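This briefing goes through one protein model by topic, from the salt bridges to the cores, the surface and the confidence scores.

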Amino acid sequence: MVDDRDQNLIGARSISTQIVRNRMKSVKNIQKITKAMKMVAASKLRAIQTRTENSRGLWQPFTALLGDTPSVDVKKNVVVTISSDKGLCGGINSTSVKISRVLSKLNSGPDKETKYVILGEKAKAQLTRDSKKDIEIIITELQKNPLNYTQVSVLADDILKNVEYDALRIVFNKFQSVVSFLPTVSTVLSPEVVEREAEAGGRLGELDSYEIEGGDTKSEILQNLAEFQFSCVMFNAVLENACSEQGARMSAMDSSSRNAGDMLDRLTLTYNRTRQASITTELIEIISGASALTG
């Protein structure tokens, strides 16, 4: 006859195997989810990668004409931080926010001001903690539908109408490969700064070598070019960041799936050892009981 203490021991053994079994089931479910998320990210990446590569040719002529000078010293800086709306994509959003904060500190001074324009929920969540008073515009759910140039140009126009700036500094992650992205800052200067730099002897805004048709003045042409440059850079930056997001999510979900597999192997080993120990203990008890009866 088994006493109460033995029953408690048997109960403890059965509970431990049940706990391990439940844990194994949970890990298997998590692994299925991470594998599915990796496949979804791969599908989205293929859909957007070609558009991203094609968009790189839009802003290059403007950079050749108007330049991209991150070291320019101006009074009114606007940092446009581009991030994702969803997480589980590694550290791409934290990287963009860190660079934005560094730019804000580098361009701070007694006669200077730096404002933020935020695209994406993740940058919004981080920057509102310590820089809420410096945020001018917040735009979220930008990638809810497939993006096109018309949508981004409308957003760029709204930003230019509602923000006073001498330099717009767009912070985003440039896509290089599925496992690699490059934090990037593109600078778009206001027409006044471009004209000032050109008059100071720089090569910026040098339009004299081009044939200009129509009655527009140089200032008007620079105004139009600066607006068009910003919309093109924004379009490319949003696509580059979306591509980097999906690539980073693929890598993160692949690592999670591998970690879940390793954990499942360890849990399986633990479950087998626990089960074998339970069976061995029960056999010893049966044999001991039989020996006591025959003895």
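Arg258 is partly exposed, with a relative accessible area of 48%. Its salt-bridge partner is Asp254, with the closest N and O atoms 2.3 Å apart. The model is predicted, and its 295 residues are 39% buried.

**Salt bridges**

- The whole structure holds 10 salt bridges.
- Asp254 and Arg258 both belong to helix α6, where four residues, about one turn of the helix, separate them.
- Asp254 is partly exposed, because its relative accessible area is 25%.
- Lys38 joins Asp254 and Arg258 in one network, built from salt bridges that share partners.
- Lys161 and Asp157 are four residues apart, so about one helical turn lies between them.
- Lys161 is exposed at a relative accessible area of 63%, whereas Asp157 is partly exposed at 31% relative accessibility.
- Glu121 and Lys124 pair through their side chains at 4.0 Å, N to O.
- Both Glu121 and Lys124 sit in helix α3 (residues 121-130), three residues apart, about one turn of the helix.
- Glu121 is partly exposed at 29% relative accessibility, and Lys124 is partly exposed with a relative accessible area of 30%.

**Fold**

- Six helices and five strands make up the secondary structure of the protein.
- Along the sequence, these elements follow the pattern α-β-α-β-α-β-α-β-β-α-α.
- Of the contacts with a separation of 6 or more, 77% link residues 24 or more positions apart.

**Nonpolar cores**

- The largest nonpolar core contains 35 residues, and Leu119, Ile170 and Phe230 have the most contacts inside it.
- Two or more residues of this core come from each of α1 (4-66), β1, β2 (113-119), β3 (135-139), α4 (149-162), β4 (167-177) and α6.
- The element that gives the most to this core is α6, with 10 residues.
- Beyond its neighbours within four places in sequence, Ile170 is in contact with Val80, Ile82, Thr184, Val185, Ser186, Val188, Phe230, Val233 and Ala237.
- A second, separate core has 13 residues, including Leu66, Leu189, Val194 and Leu222.

- Ala226 is located in helix α6.
- Its 2% relative accessibility is under the 20% limit, so Ala226 counts as buried.
- Not counting residues up to four places away in sequence, Ala226 touches Leu66, Val188, Leu189 and Pro191.
- Ser190 is 36 residues from Ala226 in sequence, but the two C-alpha atoms are 6.5 Å apart in space.

**Surface**

- The protein has an accessible surface of about 16800 Å², and carbon and sulfur atoms account for 54% of this area.
- Ile279, Leu283, Ile286 and Ile287 make a nonpolar surface patch of about 380 Å².
- With 46% relative accessibility, Leu283 counts as partly exposed.

**Confidence**

- The average pLDDT of the protein is 86, and 89% of the residues score at least 70.
- Confidence is highest in strand β1 (residues 76-82), with a mean of 95, and lowest in helix α5 (residues 191-199), with a mean of 77.
- Over residues 5-13 pLDDT stays under 50, and the model has six contacts beyond four places in sequence for this stretch.
- Where pLDDT is low, the predicted coordinates should not be read in detail.

Methods:
Residues numbered from 1 in each chain as written. Predicted model: local features only at pLDDT ≥ 70, side-chain atom pairs only at ≥ 80, totals over all residues. Heavy atoms only, no water. pLDDT = per-residue confidence, 0-100. Contact = heavy atoms within 4.5 Å. Patch = residues over 30% accessible without salt bridge, like charges linked within 9 Å, V, L, I, M, F, W, Y side chains within 5 Å. Areas by Shrake-Rupley, 256 points an atom, 1.4 Å probe, with all protein chains shown as cover. Buried < 20%, exposed > 50% of the residue type's maximum accessible area, 1.4 Å probe, protein only. Core = buried A, V, L, I, M, F, W, Y, C linked by side-chain atoms within 4.5 Å.
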